[in-house]
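Keep the viewer open as you read.

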Amino acid sequence: MKSKRKIVLAYSGGLDTSIILKWLQENYDAEVICYTADVGQEINRKKIIKNAKRLGVKNIIIENLKDIFVKDYVFPMLRGHAIYEGVYLLGTSIARPLIAKRQIAAAKKFGAYAVSHGSTGKGNDQVRFELGYHYFGPKVKIIAPWRIWKLNSRTDLIKYAKKNNIPIPMDKKGAPPFSIDDNLYHTSTEGKVLENPKNSAPEFLFQRTVSPEKAPNKASFVTIGFKNGDPITVNGKKLSPGNLLEKLNDVAGKNGIGRVDLVENRFIGIKSRGVYETPGGTLLMSAHRAIESVTLDKETMHKKDEIMPKYAELIYNGYWYSKARFKLQKIVDLKKNKVNGSVKLKLYKGNITIMSRQTKSSAYSMKKVSFEENKTFNKSNVERFINFHKQKLRS
């Protein structure tokens, strides 16, 4: 007897991907393999396994990628100080390339002819997933249900779920739900009341940060140690990449740090309003810029700032595996071996204050910055410098 063809589905165990799972079984006469990447989101392994088995799935993969995600994706991005459109720290964008890579690896392992995802037709994630699929498995077929099926509304989905005995959470039976994505780096919330930009974001939306008003009245202090451009310690204690970010998420979230309310320009051409929380990442961004300020030369820092908007846009658009991003990463990392030392931060009611920077780097010289009389600068050289630039001003 000829075995069925196989499809690897990016599966969360929730309503939407359970509907997709059943739909794939009905429309492709294929064995569906469920793949879940644990990148630090809130995950219920028992629920994932139970819901998949209820629909007859034999192979269910739940892969712990937290350390890989932070070390090989978040940290390189932080070294580039990537911020999209001035505010977005790219929390959702940076997770998709890794998930796509590992999903294709699962497809190759099981000899699957296709992969599938649950991204909607209006979102950026469909692009990010599919560019990643193409890079690692250009011959693997991609099935994007939201672009081809006839289930065009939440009502259609609910009817389909009832027809196929797929459990429907109570909060999914009425109005469309909020669209939530979370991982170890961030949480994003979109939809419903947020769709109208005149509406303020209700407090109950925030999941990993307290409001600055309710943050402690006493400041917290945290010291982050860096080696070769990457954070390796918190308050002198060496931690794995995943545990380090988790620790910073906790202390920053308690102090109301990391909230952003933004309207962004999506890659596919529409605007979207969302509320994003990136507590630990916000601390790391501030601390990394602070340690670079005393370890890198002006030209290197300014070059990084110059390329950052393009670097961030490439990540946002799903081009993590592109030649263009690889090329910019080399510029970003050119002198990362000089970025060593520690930064002490003060956290208070949503604010971050740099308290101290410590490094053995020779980029910062006490002699050169001292206002005491010294022979570091020759006065005539300074005059020639100014006169030279006066001439450039006229040219």
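Two residues are in contact here if they have heavy atoms within 4.5 Å of each other. With that in hand, take the contacts in the chain between residues at least 6 apart in sequence: 73% of them join residues at least 24 apart. A word on what you're looking at: this is a predicted model, where local features need pLDDT of at least 70, side-chain atom pairs count only at pLDDT 80 or more, and totals for chains, interfaces and linings use all residues. Numbering runs from 1 along each chain as its sequence is written, and side-chain values use heavy atoms, with hydrogens and water left out.

Now the overall picture. The C-alpha trace spans about 90 × 50 × 45 Å along its principal axes. The chain has 395 residues, and 47% of them count as buried (under 20% relative accessible area; exposed is over 50%, partly exposed is in between, using a 1.4 Å probe and protein chains only). You'll find 13 helices and 14 strands, all of them DSSP runs numbered from the N terminus (helices are H or I, at least four residues; strands are E, at least two).

Next, the sheet. Four strands make up an open, antiparallel sheet in the order β6-β7-β12-β11, where pairing takes at least two DSSP bridges between two strands. At the edges sit β6 (179–182) and β11 (259–265), each pairing on one side only. From one strand to the next, the twist averages 25 degrees. Look at β12 (residues 271–277): four bridges tie it to β7 (residues 187–190), antiparallel, and V275 in β12 is the bridge partner of T189. On the β11 side, β12 pairs over seven bridges, again antiparallel, with V260 partnered by Y276. β11 and β12 form a hairpin with five residues between them, and G269 in that turn has a positive phi of about 110 degrees.

How do helices α3 and α8 cross? The axes of α3 (residues 66–79) and α8 (residues 241–254) come within 7 Å and cross at roughly 80 degrees. Axes are lines fitted to C-alpha atoms, for helices over the stretch in contact, and angles run from 0 to 180 degrees between N-to-C directions. The two helices are therefore roughly perpendicular (65 to 115 degrees; under 35 is roughly parallel, over 145 roughly antiparallel, the rest oblique). On the α3 side the contact uses D67, V70, K71 and F75, which meet P241, G242, N243, L244 and L245 in α8.

R208 sits in the loop between β7 and β8 (220–227) and is partly exposed, at 21% relative accessible area. Beyond four places in sequence, its contacts include D182, Y185, N249 and E277. R208 and G256 are 48 residues apart in sequence, yet 8.9 Å apart in space, C-alpha to C-alpha. Is F129 buried or exposed? F129, in helix α5 (residues 125–136), is buried, with a relative accessible area of 6%. Leaving aside neighbours within four places, F129 touches R96, I99, A100, H117 and S119.
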